[in-house]
Amino acid sequence: MPEERIWSGSPSQVKNIGSFFFAAVLAAAILFFTLIYRLWPPGIGFVGIPFIYALCKWLSVGAQQFELTSERILSSSGFLSRVTDSLELYRVKDMRIIQPFQLRLFGLENIELMTSDVTSRVLVIDHVPSSLRLADKIRAQVEVCRVSKGTREIEME
């Protein structure tokens, strides 16, 4: 059976709200001091620095991509150089949904997946809309994948 895409998405830009606020305040401060100390027009060029910072933050979150398929979770990041990690669903041991107050205000959540994978013990899918019920989709697909492959988890102490 071919692998099917179940969900694909990226984190919300709400993740950068602090960085965007910082950049706006810094740009306003630079503009204010440029006007007060009459550094016009050369000083106005420095206003672009916070905007470049905010643009880089926006691009880094926008370049982060998660994909849930019928057999694995793919996690990609990077806008100049790209890295993609693959996690087989039958390796997911446990799941935790984290909804801090600031994320609940925007209807978002973080999903932590504890795995038996050596390269990524914990995979965090962050700032996704809670209305997607993504954790339920992952859990259901993990069970389907385990049954189809005939795998079980054995805990040794």
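Author: Helix α2 supplies the largest share of the nonpolar patch, 3 residues, where helices (H or I, at least four residues) and strands (E, at least two) are DSSP runs numbered from the N terminus. This is a predicted model, in which local features need pLDDT of at least 70 and side-chain atom pairs pLDDT 80 or more, while totals for chains, interfaces and linings use all residues. Residues are numbered from 1 along each chain as its sequence is written, and side-chain values use heavy atoms, without hydrogens or water.

The patch lies on the surface and is formed by F20, L55, W58, L59, F79 and L80, which together have about 610 Å² of accessible area (Shrake-Rupley method, 1.4 Å probe, with only the protein chains shown as cover). Its members have over 30% relative accessible area and no salt bridge, with nonpolar side chains joined within 5 Å and, in charged patches, like charges within 9 Å. L59 is one of the residues that lie in helix α2.

Helix α2, residues 48–62, also packs with helix α1, residues 17–36, at an angle of about 170° and with the axes 8 Å apart (lines fitted to C-alpha atoms over the stretch in contact, with N-to-C angles from 0 to 180 degrees). The two helices are therefore roughly antiparallel, the word used for angles over 145 degrees. From α2, the contact (heavy atoms within 4.5 Å) takes in P50, F51, Y53, A54, K57 and W58, and from α1 it takes in S19, F20, F22, A23, L26, A27 and I30.

Definitions and conventions
Parallel < 35°, antiparallel > 145°, perpendicular 65-115°, else oblique. Salt bridge = Lys/Arg side-chain N within 4 Å of Asp/Glu carboxyl O.
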